[in-house]
Amino acid sequence: MIERIINILILLLFPFLMVGIIKKTKAFWSGRKGVSLLQPLWDFLRLLNKETVYSETTSWIFRFSPVISLATVIFASLFVPLAFGEAIIDVKFAFIIFAYTLGLGKIFSLFSALDTGSSFEGMGASREACFSTIVEPAFFITMATIAALSQNFSFTSFKLICDNAGIYGVLIIALVTFTLLIMLLVESCRVPVDDPTTHLELTMIHEVMILDNSGADLGFITWASAIKMFLFSSLIANLFLPTDLTAFNTVLIFLVLSVLIAIIIGTIESAIARFRMTHVFEFIFIMTLTALLILALVTYKIYGN
């Protein structure tokens with residue numbers, strides 16, 4: 001029970017700190033001091049105190065979408081191994097529930113953007129839907145391949161890669177890490193796929209979808225986005241969590257790995273610029289390539305010897 005409470009607290013609060021670390025890292029590489037690490041949390045609390053304004057052209061979809069997006073992200077997080085290396089709900093084929101629960105929240109986000117009647121928000125919705133369509137097959141190829149290797153059909157299979165793959169385990173873990181990192185950048189709308197700080201509608205993707213949101217609704221959307229990014233970083237961190245540590249050391253290493261991933265994201269956003277739209281698709285298809293490489297390695301491991 002205590003472990004679940006700690007996991008829930010980390011899930012709800014650490015995403016704000018993770019966003020703050022990314023901002024601080026970007027400020028460091030640009031020679032600035034930057035804002036406080038907890039500034040994203042203060043911004044969220046400030047949005048909760050602001051009035052929410054709704055356009056007359058919007059329907060109930062626009063009003064309920066922020067809450068549904070947040071609820072689906074929190075529900076999906078129940079199936080992801082967090083600080084203690086175990087999910088709150090550990091069931092078979094959890095990665096399918098995880099993916100399509102997030103997909104449900106994204107569908108409502110897309111409908112919400114279309115509901116405003118804005119051509120710019122519709123443009124952003126079409127781009128985000130297209131990116132998710134490319135990411136989904138690569139994610140399932142990766143997860144199904146690891147499940148076939150370990151014969152464990154939940155996210156616990158991440159811990160069993162080296163036990164079942166032998167000398168190929170390190171290479172498979174590296175490829176899975178790279179695949180999930182690309183998925184994190186795509187699904188969290190980070191550079192080089194998207195720039196969360198831009199204000200040009202023609203180049204915006206996720207941010208242009210929420211231009212009409214305000215107040216608590218905007219706070220829920222930003223919180224859900226931070227939690228989603230934390231979930232993908234948790235999947236990456238669990239690839240490297242040892243299985244024979246005490247609970248305290250497991251939590252400590254998990255948080256250190258999560259901070260390191262946030263620093264890596266901030267460094268990536270400081271080192272490269274947002275790709276041109278035509279090059280974004282090429283970047284996302286790298287995820288498909290690495291997923292197929294994982295499939296080839298596991299197939300050779302199972303049937304090649």
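**Reading the pockets of a predicted model**

Q: Which element gives the largest share of the lining of the largest pocket?
A: In this predicted model, helix H9 gives the largest share of that lining, with seven residues.

Q: How many residues line the largest pocket, and which lie nearest its centre?
A: The lining consists of 34 residues, and those nearest the centre are Val19, Lys23, Pro196, Glu207 and Thr222. Two or more lining residues come from each of helix H1 (2-29), helix H2 (39-48), helix H8 (206-209) and helix H9 (215-238).

Q: How do the lining residues of the largest pocket divide into nonpolar, polar and charged?
A: There are 17 nonpolar residues, nine polar ones and eight charged ones in this lining.

Q: How much space lies in the second largest pocket, and which residues are closest to its centre?
A: The second largest pocket holds about 340 Å³ of space. Its lining has 18 residues, of which Ala99, Gly103, Lys106, Ser132 and Glu136 are the closest to the centre.

Q: Which helices supply at least two residues of the lining of the second largest pocket, and which gives the most?
A: Helix H4 (94-115), helix H5 (119-150) and helix H7 (169-187) each supply at least two. The most comes from H4, which gives eight residues.

Q: What classes of residue does the lining of the second largest pocket have?
A: Twelve of its lining residues are nonpolar, three are polar and three are charged.

Conventions: Residues numbered from 1 in each chain as written. Predicted model: local features only at pLDDT ≥ 70, side-chain atom pairs only at ≥ 80, totals over all residues. Heavy atoms only, no water. 1 Å grid on protein atoms, 1.4 Å probe; cavity = no way out; pocket = protein on both sides within 12 Å on 5 of 7 lines; lining within 4 Å. Helix = DSSP H or I, 4+ residues; strand = E, 2+ residues; numbered from the N terminus. Nonpolar A, V, L, I, M, F, W, Y, C, P; charged D, E, K, R; others polar. Points joined across faces, edges and corners; volume = space filled by probe spheres on them.
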